[in-house]
Amino acid sequence: MKNVEKKKNEGKLEKVKGKVKEKAGEVVGNDDLKRRGEAEAASGEAKKQTAKKAGQVEGKVKELAGKAEEKLGDLTGEKSTEARGKARKLEGKAEKHANR
């Protein structure tokens, strides 16, 4: 999850830098700078969205693994395994929700 957050933040930063270049290009009448800024902003947004999707996938994987562990604990009567699975499942759901 830390890597996902890092990638999302990198994308956000790149987008902001691009927007600044885009506005600077508009202000000084430099079309090349404006276009480079637009491209950088779009690239940053794409990186952010990609990181969000990766976070959703990681969350779903944790959720399913937790569900399986919870069921295993239920079937074997091991309450600690069941509880660990339930916690992992909830962690996965939270991770998915955080990356909407």
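The expected span of a helix is 1.5 Å times one less than its number of residues. The exercises below apply to a predicted model.

**Exercise 1. Helix α1**

Task: Find how the reach of helix α1 relates to the span expected at 1.5 Å a residue, then state which residues of α1 are buried and what covers them.

Solution: 
- Step 1. Helix α1 covers residues 2-28, which is 27 residues.
- Step 2. From the first C-alpha of α1 to its last, the reach is 39 Å, close to the expected 39 Å.
- Step 3. Buried means under 20% relative accessible area. In α1 the buried residues are Val4, Lys8, Gly11, Glu14, Gly18, Glu22 and Gly25.
- Step 4. The cover over these buried residues includes α2 and α3.
- Step 5. Just past the end of α1, glycine 29 has a positive phi of about 75 degrees.

**Exercise 2. Glutamate 69 and its partners**

Solution: 
- Step 1. The side chains of glutamate 69 and arginine 84 form a salt bridge, with 3.2 Å from N to O.
- Step 2. Glutamate 69 counts as buried because its relative accessibility is 18%.
- Step 3. Arginine 84 is partly exposed, at 47%, and arginine 88 is also partly exposed, at 38%.

**Exercise 3. A pair within helix α3**

Task: Explain why lysine 79 and glutamate 82 are separated by about one helical turn.

Solution: 
- Step 1. The two side chains meet in a salt bridge between lysine 79 and glutamate 82, 3.6 Å from N to O.
- Step 2. An α-helix has 3.6 residues a turn, so residues three or four places apart point the same way.
- Step 3. Lysine 79 and glutamate 82 are three residues apart in helix α3, and therefore about one helical turn separates them.
- Step 4. Lysine 79 counts as exposed, with 60% relative accessibility.

**Exercise 4. The wider set**

Task: State how many salt bridges the model holds, and which residues are joined into one network by shared partners.

Solution: 
- Step 1. The cut-off is a side-chain nitrogen of Lys or Arg within 4 Å of a carboxyl oxygen of Asp or Glu. By this rule there are 17 salt bridges.

Terms used: Residues are numbered from 1 along each chain as its sequence is written. This is a predicted model: local features need pLDDT of at least 70, side-chain atom pairs count only at pLDDT 80 or more; totals for chains, interfaces and linings use all residues. Side-chain values use heavy atoms; hydrogens and water are left out. Buried means under 20% relative accessible area, exposed over 50%, partly exposed in between (1.4 Å probe, protein chains only). Helices (H or I, at least four residues) and strands (E, at least two) are DSSP runs, numbered from the N terminus. Contact means heavy atoms within 4.5 Å.
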